[in-house]
Amino acid sequence: MRPIDAEMLKEKLSEAIKDAPLYIQVTVDQYIDEAPTLTPPNEWVSVEERLPEPGERVLATDCGFVGEFYITKRGKWQRYNVNCFELLMALDILYWMPLPAPPDLRPPEGEEDSNV
C-alpha cells in the first residue's frame, strides 16, 4: 500500500465523473474523505493525532527510549515481550510508528542463492 494525495485524487476524479449524477460525485468525495490516513514508512505519529490499533506491534518513544510496544484493550501502552516486573512504568509515550517490513533475504533477480 502507498499513501496518496487525496486532494489530487478528488480533483482528477471530479473531472472524470463530471457528467455523472450528483449523488455519485458526492459519494466519491465522501469515500475519499473517510479513507484512513496512511503513515508513510519511517514517519513518527503523535499519540495526540491517533493511536495504533489495540495489539498492533509498533515502535514507540518517549523522546528518549525507543522500543517495541502495543496498546492493550484497556488503552495502556505495554512493552512487547517483556514481563510485567520489567516494565518501565515511567514512560510517557509521545510518538509511535509502524514496525518496518522485515528485510528481503532473497538474492537479487538473476543471481543464485549462495545459501543453497
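**Notebook: around phenylalanine 69**

I looked up phenylalanine 69 and found it buried, at 3% relative accessibility (buried is under 20% relative accessible area, exposed over 50%, partly exposed in between; 1.4 Å probe, protein chains only). The model is predicted, so local features need pLDDT of at least 70 and side-chain atom pairs pLDDT 80 or more, while totals for chains, interfaces and linings use all residues. Residues are numbered from 1 along each chain as its sequence is written, and side-chain values use heavy atoms, without hydrogens or water.

Next I searched the whole structure for aromatic pairs and got two (rings of Phe, Tyr and Trp, the last by its six-membered ring, with centres within 6.5 Å; planes under 30 degrees apart are stacked, over 60 edge-to-face, the rest tilted). Phenylalanine 65 and phenylalanine 69 pair edge-to-face, at 6.4 Å centre to centre and 80° between planes. Phenylalanine 69 and tryptophan 77 are also edge-to-face, because their planes stand at 85°, with centres 6.3 Å apart. I noted Phe65, Phe69 and Trp77 as one aromatic cluster. Phenylalanine 65 is partly exposed at 28%, and tryptophan 77 is partly exposed at 24%.

I then checked for charge. The charged end of arginine 79 sits over the ring of phenylalanine 69, 5.7 Å from its centre (NZ of Lys or CZ of Arg within 6 Å of the centre and within 35 degrees of the ring normal).

Last, the strands. β2 (residues 58-61) and β3 (residues 66-71) pair antiparallel over four bridges (strands are DSSP E runs of at least two residues, numbered from the N terminus; pairing needs at least two DSSP bridges). Valine 58 stands opposite phenylalanine 69 in β3.
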